[in-house]
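Please open the structure in your viewer and keep the selection panel at hand. The stops below are to be taken in order.

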Amino acid sequence: MIVITAPTGNIGSHLLPRLLESAPAEEHLRVVVRDPARLPADVRERVEVITGSHGDPEVVDRAFEGADAVFWLVPPDSSLTPEAGFSGFARPAAEALADRGVGHVVSVSALGRGTPVADRAGLVTASLAMDDLIASSGVAYRALANPSFFENLLEEAGSIREHGVFTDSVDANRKAPLVAVADIAAAAATLLLDRTWTGVDSVPVLGPEDLSPADLARIMTEQLGRPVRYERQSYDDLHTTLVGYGLDKTFVQGIVDMKRAKDDGLDAGVPRTSESSSPTTFEQWCARVLKPAVLG
């Protein structure tokens, strides 16, 4: 049995159909979801549904009973501090994993472990601490160590459409790995279905190439057929903007610290290999996902 948390999120919505398509007949799938109505009707008919939050001790205790493997993803909660949002949320699950004797866990995490900035990277630091917490439960554990997602740019779709501008806080020429969430889901599915691995480790998913904001602007201009440019936002302006949205100030500082750490090389600590590279190019993603979002 495989348990999938956050099955309707960005990654889970790619992972669950992939597992339904490729899992052998004897593999039972169970999902934990707050609102089962968000699952397509045909999917609900093919999986066991546990309704509730996977941060709830009673929910995870029920969900992990009889489970061989768990896909773990913490939903972002901007009302909580980073520590509460990651380790605090995951603590009941870590206890339930041990109590229920779950063998394998695959989690969505971040790049940066072992780098000089790992202990001052805000949300990433909190995510790495959560990895340690879950691994301490005794499960075989694989943390998918991801850079920033292509999909983050969907938050900029309106600005790109109306002004031809996207923003971030990193240097325009700093190249870094970027990845499509579908590639993360594919890596997760492989690990969940082939549970011959043991111990604790990270699995980097780096996308096919390192790209800078200047590269992204050039590619978006080509794919969208209209000029797109990058504007660098100061950390102070980013902080002010996010606090203005009503986010928890500690959470906002976690975002700012993460952005600063990325500009200081947080995502550069893993060498790119054929195993750590994933297939979806930014050009492909723009054509399939961003272009319809921007141009309708």
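In which loop does His 54 lie? Select the stretch between β3 (48–51) and α3 (57–63): His 54 is found in the loop joining these two elements. Please bear in mind throughout that the model is a predicted one.

**First stop: His 54**

Is His 54 buried or exposed? Its relative accessible area is 6%, under the 20% limit, and His 54 therefore counts as buried. Next, display the side chain of His 54 together with the backbone of Leu 73: a polar atom of that side chain lies 2.7 Å from the backbone oxygen of Leu 73. Then show the surroundings. Apart from neighbours within four places in sequence, His 54 is in contact with Thr 5, Ala 6, Val 32, Val 60, Trp 72, Leu 73, Val 74, Pro 75, Phe 89 and Ala 93.

**Second stop: Val 102**

Move on to the loop between α4 (82–100) and β5 (104–110), where Val 102 is located. Val 102 is buried, its relative accessible area being 6%.

Select β7, β9 and β11, which form an open sheet in the order β7-β9-β11 with mixed pairing. At the edges are β7 (148–149) and β11 (210–211), each of which pairs on one side only. How do β9 and β11 pair? Strand β9 (residues 176–179) runs antiparallel to β11, and the two are joined over two bridges. To view this pairing, select Pro 177 and, opposite it in β11, Asp 210.

Finally, go to the loop between α10 (249–263) and α11 (282–295), which holds Thr 280. With a relative accessible area of 12%, Thr 280 is buried. Beyond its neighbours within four places in sequence, Thr 280 is in contact with Phe 150, Ala 180, Asp 183, Pro 208 and Trp 285. Which of these side chains makes a polar contact with the side chain of Thr 280? Display Asp 183: the polar contact between the two side chains is 2.8 Å.

Technical notes. Residues numbered from 1 in each chain as written. Predicted model: local features only at pLDDT ≥ 70, side-chain atom pairs only at ≥ 80, totals over all residues. Heavy atoms only, no water. Pairing = 2+ DSSP bridges. Helix = DSSP H or I, 4+ residues; strand = E, 2+ residues; numbered from the N terminus. Buried < 20%, exposed > 50% of the residue type's maximum accessible area, 1.4 Å probe, protein only. Contact = heavy atoms within 4.5 Å. Polar contact = N/O pair within 3.5 Å; in protein donor to acceptor, adjacent residues only side chain to side chain.
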